[in-house]
Amino acid sequence: MLILIALLTAAAAFLVAAPLGRGRATSGDPWSPAGVGDNSHATGDLSRLEQGLRARRLPLTTSQYSALLIAIPAATFLLARVMTGAWLTAIICLPAGPLILNAVFDFLAHHRTRTLRDQLQEALLSLATSLKAGQSLTNALERAVRDLQRLHPRGAFVLEELSLVVREVQMGVPVDQALLRLRERVPLEEVSSLVDAVVITRRRGGNIVEVMGNVAHMIADRMAIDREIQVMTAQKRAEAAILALIPLVIYLLTRFTNPEYMAVFHQTTGGQIALGIIFLAIIGGYWLANRLTRIDV
């Protein structure tokens, strides 16, 4: 039994840790040495964990990530102990903590991606307006920073990155090189496409405004597809949540209204093991349904 619990715990921990290393080997993936290229110093001062958080687009610091990594599994263990009053059941439910943690990380990453695309679309609109008015790319970037500061007075991720680009340019770094560093820091495909297109257009000639318009249309299309997917999968996500809550609610109601009926699950070793496996199966089923309905665009 202890071997089974250890295997389940190891598997759940692997499911939590594995997504931090997930990603495409593109120029915007900090995990890829080939993607860093000549701009490796842009992320060289970041730890591997910080690079992983950026690659997965988690809006968390390393301390917050470490705290959640401990707090949620511990809270799951304590909650199972309080609900059932059985240590053995709580130990068997321990692998459910990493599964819940993974679901939380998936939600945060998806929300962060949508936020980044919204902010990038606002920045592109400001840049295109300034460039159409005849301003240089450097002045357009400065104007975009001021516009984003008015739109997001409490700060925003894209605002911080564009402000860093402006500061680098003001310190004498070429605009193309500053944009390439931006591509390395922001693991978003739209940013990579925009920077590549702008750099190529500046070097070989072309209409930068048209390029930014095309990228803005691409972002708008992706956001529309993402909203459509969310609508189409909303019913399945709701069904998964309801199916997970129903047995838990039934258990709690029966436990407090008729405790003698549930005594076999709390007073016998076999009952405690069965109850732990049931809880683990419920949470595992919800986690699997959540992963199946989580479609990244």
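Q: Which residues does Met212 touch, not counting residues up to four places away in sequence?
A: They are Leu124, Leu127, Ala128, Leu131, Leu137, Leu194 and Val198. Contact means heavy atoms within 4.5 Å. This is a predicted model, where local features need pLDDT of at least 70, side-chain atom pairs count only at pLDDT 80 or more, and totals for chains, interfaces and linings use all residues. Residues are numbered from 1 along each chain as its sequence is written, and side-chain values use heavy atoms, with hydrogens and water left out.

Q: Why is Thr201 called buried?
A: Its relative accessible area is 11%. Buried means under 20%, exposed over 50%, and partly exposed in between, with a 1.4 Å probe and protein chains only. Thr201 therefore counts as buried.

Q: What makes Asp176 and Gln119 buried?
A: Asp176 has a relative accessible area of 14%, so it is buried. Gln119 has 8%, so it is buried. Across the protein chain, buried residues make up 44% of the 297 residues.

Q: Which residues of the largest nonpolar core touch the most other members?
A: Leu124, Leu162, Leu179 and Met212 do, in a core of 40 residues. A nonpolar core is a set of buried Ala, Val, Leu, Ile, Met, Phe, Trp, Tyr and Cys residues joined through side-chain atoms within 4.5 Å. H7 (96-132), H8 (137-151), H9 (157-170), H10 (175-185), H11 (189-204) and H12 (208-257) each supply at least two residues of this core. Apart from it lies another core of 11 residues, among them Ala90, Met262, Leu275 and Ile282.

Q: How many helices and strands does the protein chain have?
A: The count is 14 helices and 0 strands. Both are DSSP runs, numbered from the N terminus: helices are H or I with at least four residues, strands E with at least two.

Q: Why are H7 and H11 called roughly parallel?
A: Their axes come within 10 Å and cross at roughly 25°. Axes are lines fitted to C-alpha atoms, for helices over the stretch in contact, and angles run from 0 to 180 degrees between N-to-C directions. Angles under 35 degrees count as roughly parallel, over 145 as roughly antiparallel, 65 to 115 as roughly perpendicular, and the rest as oblique. H7 and H11 are therefore roughly parallel. Arg117, Leu120 and Leu124 in H7 meet Glu190, Val191 and Leu194 in H11.

Q: Which helices do the buried residues of H11 pack against?
A: They pack against H7, H8, H10 and H12. The buried set in H11 includes Val195, Val198 and Thr201.

Q: Which backbone nitrogen does the side chain of Gln119 reach?
A: The nitrogen of Val158, at 3.2 Å. Leaving aside neighbours within four places in sequence, Gln119 is also in contact with residues including Leu148, His152 and Phe157.

Definitions and conventions:
Polar contact = N/O pair within 3.5 Å; in protein donor to acceptor, adjacent residues only side chain to side chain.
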